Amino acid sequence: MRFRARATGFALFTALALAVPTAALGHPSYAMYLMDQEMVLVGEVKSFDYTIPHSWLQLIVADEDGTEQDWAIEMEGVPQLFPQGIRQDYVAPGDRITVLVHPMRGNRPAGLWQGSIDAGGRAFGRAEGLDAPGGE
């Protein structure tokens with residue numbers, strides 16, 4: 001009798017535990033980025049979304065012939081950026097910035113942020129060797 005009660009209790013507990021939805025744990029893969037390549041972009045900030053789980057920096061980058069292209073730069077989330085000194089007012093639309101990224105596979109205009117330096121010389125992340133953008 002005691003065994004049957006324990007077995008029934010265990011079965012009920014297991015069923016309830018499996019029925020309760022749980023948050024997906026883990027971290028997304030960076031497989032979409034060429035982690036063995038780096039690229040330096042100089043552009044004008046279109047927008048900066050300071051969010052969780054990832055922040056996004058949207059840049060307008062002009063190539064050699066002056067053609068502009070929108071770039072999406074994935075950054076870490078607020079909990080990782082805040083201790084580095086990056087706040088919601090890190091950049092504003094119209095600011096010029098130099099950014100080091102791992103480019104996205106497939107020659108798409110996107111990248112994974114590694115570091116940056118703004119026109120005022122404020123550097124964040126892996127910014128060693130980056131030059132502050134000119135006024136252009």
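Reader: Is Arg122 buried or exposed, or partly exposed?

Author: The model is predicted, with local features requiring pLDDT of at least 70, side-chain atom pairs counting only at pLDDT 80 or more, and totals for chains, interfaces and linings using all residues. Residues are numbered from 1 along each chain as its sequence is written, and side-chain values use heavy atoms, leaving out hydrogens and water. Buried means under 20% relative accessible area, exposed over 50%, and partly exposed in between (1.4 Å probe, protein chains only). With a relative accessible area of 33% for Arg126 and 39% for Arg122, Arg122 is partly exposed.

Reader: Which residue meets the side chain of Arg122 in a salt bridge?

Author: A salt bridge places a side-chain nitrogen of Lys or Arg within 4 Å of a carboxyl oxygen of Asp or Glu. At 2.7 Å, N to O, the side chain of Arg122 meets that of Asp118.

Reader: How many residues apart in sequence are the parts that Arg126 and Glu38 tie together?

Author: The side chains of Arg126 and Glu38 meet in a salt bridge at 2.5 Å, N to O. Arg126 lies in the segment after β6 (123-125) and Glu38 in the loop between α1 (2-19) and β1, so the parts tied together are apart in sequence by 88 residues.

Reader: How many salt bridges does the structure hold?

Author: Besides the pairs of Arg122 with Asp118 and Arg126 with Glu38, Lys46 and Asp70 meet at 2.8 Å, N to O. The salt bridges in the structure number 3.

Terms used:
Helix = DSSP H or I, 4+ residues; strand = E, 2+ residues; numbered from the N terminus.
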